[in-house]
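Hi,

Here is the structure I promised to pass on. Please have a look at it first, and then read my notes below.

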Amino acid sequence: MRQSDYLEENFELVRKLKELPIFNSFHDKHINGLIKLCRIREYEPEEIVFEEGTFDNHIYFLLSGKVNIVKQGVVVCTLRRTGDLFGEMGIIDGKPRSASVHISDRTSCLMMDASFIDRLPENEKEVCLYILYRVFSDILSSRLRSTTEELIKVKAEIERIINAAP
């Protein structure tokens, strides 16, 4: 794993982030404020970003590559889209990581240290928190919808198996 220093204003990165639906409604100055809390991390295949049960203050935005979300040794999800977010649940609820993240392909992530938010000036802190919670709510809503669809399919399959049993 390689890691950059904390980022300064980065117009190219802001442009790329604004192309993502979760960031396109925010002003450049607000995204630049968010970027100052970030580093870029690059991973090789088979590296582990974090393990289930550990705790830290980092949120990750996938820039390129592919990661597997692993719960109790089972791959439950693969993220591969630029802008996909992971590591947010521990920031939201303050609990240890609920799953591990394993690298599949050469991967680059924007890693945000959420503990730095408290050190921002009050007006920047409010904007940063607003952006994060807006992003969190959009992503968690999408994931909940997807999980509900999967649950419906599994319930239907279980019912089909039970009804087919002699």
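**The largest pocket and its lining**

Eight residues of α4 line the largest pocket, which makes α4 the element that gives the most to that lining. Before going further, please keep in mind that this is a predicted model.

The largest pocket holds about 970 Å³ of space. Its lining counts 35 residues, and those closest to the pocket centre are C77, L79, L85, I139 and R143. As for secondary structure, two or more lining residues come from each of β5 (67-71), β6 (74-79), β7 (85-86), α3 and α4 (122-164).

**Cysteines**

C77, one of the residues closest to the centre of the largest pocket, is partly exposed because its relative accessible area is 32%. Which cysteine sulfur is closest to the sulfur of C77? That sulfur belongs to C109, and at 14 Å the two are too far apart for a bond, since a disulfide needs the sulfur atoms within 2.5 Å. In total, the structure has zero disulfides. C38, for its part, has a relative accessibility of 1%, so C38 counts as buried.

With a relative accessible area of 41%, M89 is partly exposed.

Best wishes

Note on methods: Residues numbered from 1 in each chain as written. Predicted model: local features only at pLDDT ≥ 70, side-chain atom pairs only at ≥ 80, totals over all residues. Heavy atoms only, no water. Buried < 20%, exposed > 50% of the residue type's maximum accessible area, 1.4 Å probe, protein only. 1 Å grid on protein atoms, 1.4 Å probe; cavity = no way out; pocket = protein on both sides within 12 Å on 5 of 7 lines; lining within 4 Å. Points joined across faces, edges and corners; volume = space filled by probe spheres on them. Helix = DSSP H or I, 4+ residues; strand = E, 2+ residues; numbered from the N terminus.
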